Amino acid sequence: MDVSVAYPFAQTGVVGKIGKGKPVVALRADIDALPVQEPEGVEYRSKNEGRMHACGHDEEGGAGADVMIKEGAIEGASAAFGFHVMPMWPTGQVALKTGTIMAGSLTFKFTVAGRGGHAAMPHLNIDPVPAAAALVQALQVLVSRETSPLGSAVLSITQLMTNSDADNIIPDHVTLRGTLRALSHEHMMLLKQRIEEAVPAVVSAFRCNGSVDWQLEHHPYYPPTVNDAGAAAFARGVAGSMLGSENVLETEPIMPGEDFSFFTMTVPSTFMFLGIRNETAGSVHNLHNANFKERIHLTSEERVLFDTLLAAAKFAGSNTVLRAAGGWVRDKLLGKESKDIDIALDNMLGKEFADKVNEYLASQGKETHTAAVIHSNPDQSKHLETARMKVNSLWIDLVNLRSETYADGSRIPKMEFGTPLQDAMRRDFTVNSLFYNLNEDAVEDLTGQGLEDLRQGLLRTPLPPQETFKDDPLRVMRAVRFATRFNFAPDPAILTAAASEEWNVLFPLLIVYLLLNLDGMSVIP
């Protein structure tokens, strides 16, 4: 394949040309960054402190697409296409629309100037603070009363600062910063003009002066992103052939800006949203978040432990996938430290893997430890086998992913090796059904509810509560204990199940708990 690369292009860009001939299609690849510090230990962390390659084309301000186009990056192209990841849609779906898909954007700085002085003698000063407060309110009327209800616009004041940090001083001036968005160029220009008129007019009523700076040298105007009908139809067809037409969605326009808009003004173009939400992989965070996916921050001891276990599995050639399970994952995600580390194995019993760990440690000249084994006893424990051993400085329990089946009239399960999903669904609560996959360095939420329940402080069972309690009636008591320990609100379905005839002997404990904790929590309606 004929490939050529031009770098640097337009100072910091790069252009790759693949193949020859006509037609020429441009594919935009964004490398802008945000001023966000990524967490330690992720393999994709930026080498530059305080920078993250995440959604920067809306904020970096250089209008890089415009610069690239002016330098000839898409010369001869007959169409252009681009993507933006979106966590609101699941992995395997794309969303697009014909026409305006993203807003135009401007950033601004307003200055309200007065005359500072002692706060105890305001009559001798010209206070810019109430003028700035009135300006914040007045500007919202421009959106609600001077633009069409059918043409969305947003004016957000995001910063309000004075030149004084003392409690008893009226400042000389107040600075307001923010962003203006609209779905049409006409609305953008109308609002821009009216803001320039309104700012000095509003603050003059307070004897202040007002000025507007659109910050164009730092962040040029980004026009709305408007998809061409022909290019959008072509993109739908390609996406449908790859993902299935049911996974190609129509979307409403959104208000963030996008410098891909400069492509849409130059050649027929289409911009699409690529779904990346994946509860299993922990990809659940919104845009502009330091965590691209749900992260667990390991201590140095935990990192050494997990590296040792992974090395032992590789040394043994066992292809074992190692997952930390249950309470340790929950506690780490809550920001708590935990020494209760269960390692769930997918293809061997605990004692067998403990022996392999010791073989590896011995090969490295490191200290080994005998594993204590608890054999399967279904009427007391729901593990196939547990091997407890010390590795380096930490104790671990080696358990198994399991499946459970119950004979009619029996609460003693038949247990076998299971899948991660089977194991997760048979645990007591969704917040205890999370895994940390050591091999992938990723949180797994197989129930699809555990991470959200953890964030919301909700206690819910993976299976219907009646079925979960039937597996183990003492889980009604555990619901009380967990709700008390973490101040989580029990799901109403738990209360309904606990009040049934089978478990009503334990239900009063839940009621007592709720009465004692009404001020600190609420039951989800």
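The questions and answers below take up the terms one group after another.

Q: What kind of model is this, and how are its residues numbered?
A: This is a predicted model, in which local features need pLDDT of at least 70 and side-chain atom pairs count only at pLDDT 80 or more, while totals for chains, interfaces and linings use all residues. Residues are numbered from 1 along each chain as its sequence is written, and side-chain values use heavy atoms, with hydrogens and water left out.

Q: How many helices and strands does the chain have, and what makes a run count as one?
A: The chain has 14 helices and 26 strands; these are DSSP runs numbered from the N terminus, helices being H or I with at least four residues and strands being E with at least two.

Q: How do you know what span to expect of helix 8?
A: The expected span of a helix is 1.5 Å times one less than its number of residues. For the 14 residues of helix 8 (residues 350-363) this should come to 20 Å, and because the end C-alpha atoms are 20 Å apart, the two values agree. Helix 8 is followed by Gly365, whose phi is positive, near 70 degrees.

Q: Which residues of helix 8 are called buried, and what covers them?
A: Buried means under 20% relative accessible area, exposed means over 50%, and partly exposed lies in between (1.4 Å probe, protein chains only). The buried residues of helix 8 include Phe353, Val357 and Leu361, and among the elements that cover the buried residues are helix 6 (300-316) and strand 19 (385-391). Contact here means heavy atoms within 4.5 Å.

Q: Which strands does helix 8 lie across, and at what angle does helix 8 run to strand 19?
A: Helix 8 lies across strand 16, strand 17, strand 18, strand 19 and strand 20, and runs at about 20 degrees to strand 19. Such angles run from 0 to 180 degrees between N-to-C directions, with axes that are lines fitted to C-alpha atoms, for helices over the stretch in contact. Helix 6 also lies across strand 19, among others, but its angle is given to strand 20 and is about 45 degrees.

Q: Why are strand 18 and strand 24 said to stand at the edges?
A: Two strands pair if DSSP finds at least two bridges between them. In the open sheet of 7 strands, with the order 18-19-20-17-16-23-24 and mixed pairing, strand 18 (372-375) and strand 24 (442-444) each have a single partner strand, so one side of each is left without a neighbour in the sheet. Strand 18 is joined to strand 19 by 4 bridges, and the two run antiparallel, with Ile374 standing opposite Thr386 in strand 19.

Q: What makes the contact between Lys70 and Asp66 a salt bridge?
A: A salt bridge is a side-chain nitrogen of Lys or Arg within 4 Å of a carboxyl oxygen of Asp or Glu. For Lys70 and Asp66 the closest N and O atoms are 3.1 Å apart, so the pair meets this definition. Both residues lie in helix 1 (residues 64-70), 4 residues apart, about one turn of the helix.

Q: How do you know whether Asp423 and Arg427 are buried or exposed?
A: Asp423 has a relative accessible area of 0% and is therefore buried, and Arg427, at 13%, is buried as well. Their side chains meet in a salt bridge (2.7 Å, N to O), one of 19 in the structure.

Q: What makes a set of residues a nonpolar core, and which members of the largest one touch the most others?
A: A nonpolar core is a set of buried Ala, Val, Leu, Ile, Met, Phe, Trp, Tyr and Cys residues joined through side-chain atoms within 4.5 Å. The largest one has 47 residues, of which Phe306, Leu309 and Ile343 touch the most other members. Leaving aside neighbours within four places in sequence, the contacts of Phe306 include Leu298, Trp328 and Leu438.
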